[in-house]
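Hi,

Here is the structure I promised to pass on. Have a look at it first, and then read my notes below.

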Amino acid sequence: MSHNLDAVRRLYIKLLSLYPPAFRERLGESMQQTFDDLYRERISQSGQGVTRFVAWLFLDTAVGIIQEHLRLISPGELMRALLKITGLSALISVLFIVPFAIMEIFNRREFNEGFPYMLFFALWFNLFAILLILLPILRSRRAGNQATADAAPAAGGSLFTHPLKLVIVGFLLFTFAAGWTSLVIDQWPCFIGVPVCD
Amino acid sequence: MSSAGPDHPLTPAVFHILLALSSGERHGYAIMKQVEADSQGKVTMGPGTLYGSLKRMLDAGLVRESDRRADPEMDDQRRIYYQITGVGAQALAAELERYQRIVAIAHERRLIPSAFSHVP
């Protein structure tokens, strides 16, 4: 197995770009040099276990990135923002499923079935998760302040400047939206009162 | 030994970095190798841990960037060197005093293995 310093270094530089800008400007170059030194040392020693060693370096750096982003948010501010976002997401989700609950109760009152609590919990949870992801992004975009800490993963940098963040967020949103939509479509006959709808 | 310094204990990473810099200014890679040597291989830190700690230490005034020069034992790439400050030296001294007190207590309670019983 050939060890390509240039390719690994390019990957590491991409990883370093996820650090908050201030940290990256001050220490990014040193980190890159240290990575190069460590990598060359490992290669020159035995060449064994290089992949595992590099994986450890990447993991250590990734943890550091998360820590530095979290440090940008003061503890009190983080808690207030989290509570606000969580409460708002929960409330809006409840409001969205109330019409379905009314339809369920009204249209199925003659069938003597128990209320499907688990179904409505699943409907609420999927919506809650979508809002929990979307609300911080919408707030920071509206505020126009890319450094605003709203418990969003974009603290210290915009979500849309990092493609990886965009992919992860997009995937999560799609998953929860697909879950909610499929539940509504599947249970729609029940909501409108069709007998033997399941 | 001076007893001045922060009241709270240092994290292991900060302690080892200060210890490594106590013998002279070093760049990042050299700090990591010195930490490994000082701890006899028991403490290893990756670049994320090292530079996260260095950032906090720079902000706290425990260390400072000294200059940018090539390491004669390595390649000719210019590296940023870090040096311990007076505040950093005081913090290190205070931490070592704490360790001394703890070792003394352990010695009184006969918790130290017999191999080290000669340590006062």
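How much area do chain B and chain A bury between them? About 1,900 Å², with 51% of it on carbon and sulfur atoms; buried area here is the accessible area (1.4 Å probe) that two parts lose on being put together, summed over both. Tyr29(B), Pro47(B) and Tyr51(B) supply 30% of the area that chain B buries against chain A, more than any other three residues.

Before the rest, a word on the ground rules. This is a predicted model, so local features need pLDDT of at least 70 and side-chain atom pairs count only at pLDDT 80 or more, while totals for chains, interfaces and linings use all residues. Residues are numbered from 1 along each chain as its sequence is written, chains are lettered from A and ligands numbered from 1 in the order in which they are written, and side-chain values use heavy atoms, with hydrogens and water left out.

Back to the interface. The contact (heavy atoms within 4.5 Å) takes 24 residues from chain B and 20 residues from chain A. The rule finds 4 salt bridges across it, a salt bridge being a side-chain nitrogen of Lys or Arg within 4 Å of a carboxyl oxygen of Asp or Glu. Arg79(B) and Asp37(A) meet in a salt bridge through their side chains, at 2.5 Å from N to O.

Which elements of chain B give two or more residues to the side that touches chain A? They are helix H2 (28-38), helix H3 (47-60), strand S2 (63-70) and strand S3 (78-84). Helices (H or I, at least four residues) and strands (E, at least two) are DSSP runs, numbered from the N terminus. H3(B) brings the largest share of that side, 9 residues.

As for chain B itself, there are 4 helices and 3 strands, and along the sequence they follow the pattern α-β-α-α-β-β-α. Of its 120 residues, 40% are buried; buried means under 20% relative accessible area, exposed over 50%, and partly exposed in between (1.4 Å probe, protein chains only).

Now for the aromatic rings. Rings of Phe, Tyr and Trp (its six-membered ring) pair if their centres lie within 6.5 Å; planes under 30 degrees apart count as stacked, over 60 as edge-to-face and the rest as tilted. That gives 17 aromatic pairs over all chains. Why does the pair of Phe35(A) and Tyr39(A) count as stacked? Because the ring centres are 6.2 Å apart and the planes are at 25 degrees. Both residues lie in helix H2 (residues 21-45) of chain A, 4 residues apart, about one turn of the helix. Phe35(A) is buried, with a relative accessible area of 0%, and Tyr39(A) is buried at 3%.

Trp124(A) and Phe128(A) are also a stacked pair, 4.9 Å centre to centre with 15 degrees between the planes. Their helix is H5 (residues 117-143) of chain A, where they sit 4 residues apart, about one turn. Trp124(A) is buried at 19% relative accessibility, and Phe128(A) is buried at 11%.

Ring pairs also link a cluster that includes Phe100(A), Tyr117(A) and Trp188(A).

His69(A) is buried, at 10% relative accessibility. Its C-alpha atom is separated by 6.5 Å from that of Pro20(A), 49 residues apart along the chain.

Cheers
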